[in-house]
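Subject: Structure for you to look at

Hello,

Here is the structure I said I would pass on. Please open it alongside this message; my notes follow below.

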Amino acid sequence: MWSAEQPFFIPLEAYFDKAYHAITGTSYTSFKFEEGVTPLSTVPEVAAACVIYLVTIFGGQYLMRNRKAFKLDFLFKVHNLFLTVVSATLLLLIAENIIPIVWNQGLFGSVCYQTSWTQRLEFLYYLNYLTKYYELIDTIFLVLKKKKLEFLHYYHHSLTMVLCFTQLIGSTAVSWVPITLNLCVHVLMYYYYYRATAGVRIWWKKYLTTMQITQFILDLGFVYFCTYTFFAFNFFPFLPHVADCSGTVGAALFGCALLSSYLVLFINFFRKTYKKPASKPKQN
């Protein structure tokens with residue numbers, strides 16, 4: 001029988017914990033994100049990672065300018081298959097934790113109550129944050145294959161890593177919304193790249209960008225609402241609002257600004273890539 005506490009009928013988390021214990025020797029329930037203690041939990045570490053990333057890709061472009069492009073098809077397939085599986089696993093584990101919270105506390109509670117930021121979700125959010133470092137390899141492949149580097153690509157890759165860091169520091173309960181939507185898109189996106197590398201023509205490529213745009217619209221709907229109710233409750237109580245919303249001012253404002261920029265850039269990318277200019281009428 002279905003229940004909110006076990007929405008997928010089998011205890012995915014229990015199996016995951018066994019696998020995690022076999023690899024690390026500890027249970028994931030002992031994890032706690034601590035700034036300055038947990039790896040990659042400080043501003044200097046994140047800033048250094050961004051600088052190293054940018055130096056590597058642009059330095060790599062310079063070194064590759066007079067060299068032949070590498071094929072790397074097998075490695076690229078493995079890379080994309082790995083990210084497809086990782087994204088799907090994280091999506092299911094986070095959903096298994098979020099569904100009972102939404103069921104018991106309601107949608108508002110799940111995005112605003114501090115109790116929605118649980119130890120288990122914090123651990124899964126941290127794992128998602130770590131995948132953002134691994135995803136930087138996407139750009140390394142582009143450099144070695146001598147593909148064009150779009151500003152949107154390296155802007156999005158580097159700053160999504162920063163976004164995940166700020167939300168971990170800020171303990172924003174609404175984090176599950178952009179994270180789960182992003183994982184849904186990534187499951188399909190990395191699967192597409194895996195299949196396309198094998199030479200398979202995927203008819204729904206165009207809709208990946210549409211999904212990303214839809215993702216950011218939904219993200220912003222939730223994030224703007226949570227930010228508004230936080231500021232109204234704490235600073236402008238005369239404004240209509242529901243209640244307080246957990247998180248820090250810095251995390252809220254950075255999330256709103258960055259996700260807004262993503263939406264603008266992805267819409268512009270879609271327009272340039274898929275909208276053909278109208279043909280001029282023939283002159284007699």
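A helix here is a DSSP run of H or I covering at least four residues. Please keep in mind that this is a predicted model.

Helix pairs

Two pairs of helices are described here. Helix α7 covers residues 176–197 and helix α8 covers residues 205–234; their axes lie 9 Å apart at an angle of about 175°. An angle over 145 degrees counts as roughly antiparallel, so α7 is roughly antiparallel to α8. On the α7 side the contact includes Val177, Pro178, Leu181 and Tyr192, and on the α8 side it includes Lys205, Leu208, Asp219 and Phe222. By class, the contact of α7 with α8 holds 11 nonpolar, 3 polar and 2 charged residues.

The other pair is α2 with helix α5 (residues 137–144), whose axes come within 9 Å and cross at roughly 10°. Since angles under 35 degrees count as roughly parallel, α2 and α5 are therefore roughly parallel to each other. In α2, Tyr53, Thr56, Ile57, Gly60, Gln61 and Met64 make the contact, meeting Thr139, Ile140, Val143 and Leu144 in α5. This contact of α2 with α5 has 6 nonpolar, 4 polar and no charged residues.

Nonpolar cores

The largest nonpolar core has 45 residues, and those touching the most other members are Ile94, Ile98, Val111, Tyr125, Tyr129, Met161 and Leu168. Two or more residues come from each of α1 (12–24), α2 (43–64), α3 (73–112), α4 (119–134), α6 (151–170), α7 and α8. The most come from α3, which gives 9 residues.

Which residues does Ile98 touch, not counting those up to four places away in sequence? They are Leu121, Tyr125 and Trp176. Apart from this core lies another one, of 14 residues, among them Leu152, Leu220, Val223 and Leu259.

Regards

Conventions. Residues are numbered from 1 along each chain as its sequence is written. This is a predicted model: local features need pLDDT of at least 70, side-chain atom pairs count only at pLDDT 80 or more; totals for chains, interfaces and linings use all residues. Side-chain values use heavy atoms; hydrogens and water are left out. Axes are lines fitted to C-alpha atoms, for helices over the stretch in contact, and angles run from 0 to 180 degrees between N-to-C directions. Angles under 35 degrees count as roughly parallel, over 145 as roughly antiparallel, 65 to 115 as roughly perpendicular and the rest as oblique. Contact means heavy atoms within 4.5 Å. Ala, Val, Leu, Ile, Met, Phe, Trp, Tyr, Cys and Pro count as nonpolar, Asp, Glu, Lys and Arg as charged, and the others, Gly among them, as polar. A nonpolar core is a set of buried Ala, Val, Leu, Ile, Met, Phe, Trp, Tyr and Cys residues joined through side-chain atoms within 4.5 Å. Buried means under 20% relative accessible area, exposed over 50%, partly exposed in between (1.4 Å probe, protein chains only).
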